[in-house]
Amino acid sequence: MKSVSNDRRDDAVPHKVTLSPTYTPLATIKCDGPALFRSQQARDFACLLDLDPDVARWSAAPPLLRYGDDEYQVDFLVLTTEGGSFLIDVAQEEPSPPIWLSGAIESMGHRYRPVAMIDFADSFRLRNAKDLLRYGFYRAPLGDRIRLLAGLEEMGSLTIAECLSAIREGRPMPTLASLILQGFVEIDLDDALISPETQVRRIRG
């Protein structure tokens, strides 16, 4: 996960906790519990969490943090595949947490991670993740999954156009997107927008 540095302020105003289920896309893959977000920026970062192979699962209901009479709400509790845990604070620009926050989080056994979504404004990964998650509720038919995995086993890699032409039972793009989101196959999300020429490779567990 990308680390974003910030200057912590002691006089920062705590975030207002306003949750809405209407931010898009609606589907999630690794969310543990209700998928409710405080902002579209938080929703966008959750798309990156769903496509991050180092993330095992995440929750959009992290604990409310308190220090005396002061309170502060972060956006996510994230558990990694290696057993680490982070409390993630998301803002359009740099978050401005109170000075006590990092220590309070560390005392709970987590690490603090501030995220400025402006750093992802031109990110191909974010745009590709949001496109794929439009199909997050779709499940690939078994026959198509086996057919594609067998083809990738034989060929090593195929383009997206070649994969779509091999799909017989389900809807082509939702089927392929589902296999990417469920971790059966992978594509490069960082170098360009998903295109017919994008290479698809099998993921081996």
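1. R204 is exposed, with a relative accessible area of 58%, where exposed stands for over 50% relative accessible area, buried for under 20% and partly exposed for the range in between (1.4 Å probe, protein chains only). The side chain of R204 meets that of E153 in a salt bridge with an N to O distance of 2.3 Å, the term being used for a side-chain nitrogen of Lys or Arg within 4 Å of a carboxyl oxygen of Asp or Glu. Because E153 belongs to helix α4 (residues 142–155) and R204 to the segment after β9, this contact ties together parts that are 51 residues apart in sequence. E153 itself counts as partly exposed, at 41% relative accessibility.

2. On the basis of the model: this is a predicted structure, in which local features need pLDDT of at least 70 and side-chain atom pairs count only at pLDDT 80 or more, whereas totals for chains, interfaces and linings use all residues. Residues are numbered from 1 along each chain as its sequence is written, and side-chain values use heavy atoms, with hydrogens and water left out.

3. The structure holds 11 salt bridges, and one of them joins R38 to D75, whose closest N and O atoms are 2.8 Å apart. This pair links distant parts of the chain, since R38 sits in the segment before α1 and D75 in the loop between β3 (70–72) and β4 (76–80), 37 residues apart. R38 counts as buried at 11% relative accessibility, and D75 is likewise buried, with a relative accessible area of 5%. R38 and D75 are also linked with D89 in a network of salt bridges.

4. A further salt bridge brings together the side chains of D32 and R57, at 3.6 Å from N to O. D32 lies in the segment before α1 (40–50) and R57 in strand β1 (residues 55–59), so the pair ties together parts that are 25 residues apart in sequence. D32 is partly exposed at 46% relative accessibility, and R57 is partly exposed with a relative accessible area of 40%.

5. β7 and strand β9 (residues 199–202) run antiparallel and are joined by 3 bridges, and V200 in β9 is the bridge partner of L158.

Notes: Two strands pair if DSSP finds at least two bridges between them. Helices (H or I, at least four residues) and strands (E, at least two) are DSSP runs, numbered from the N terminus.
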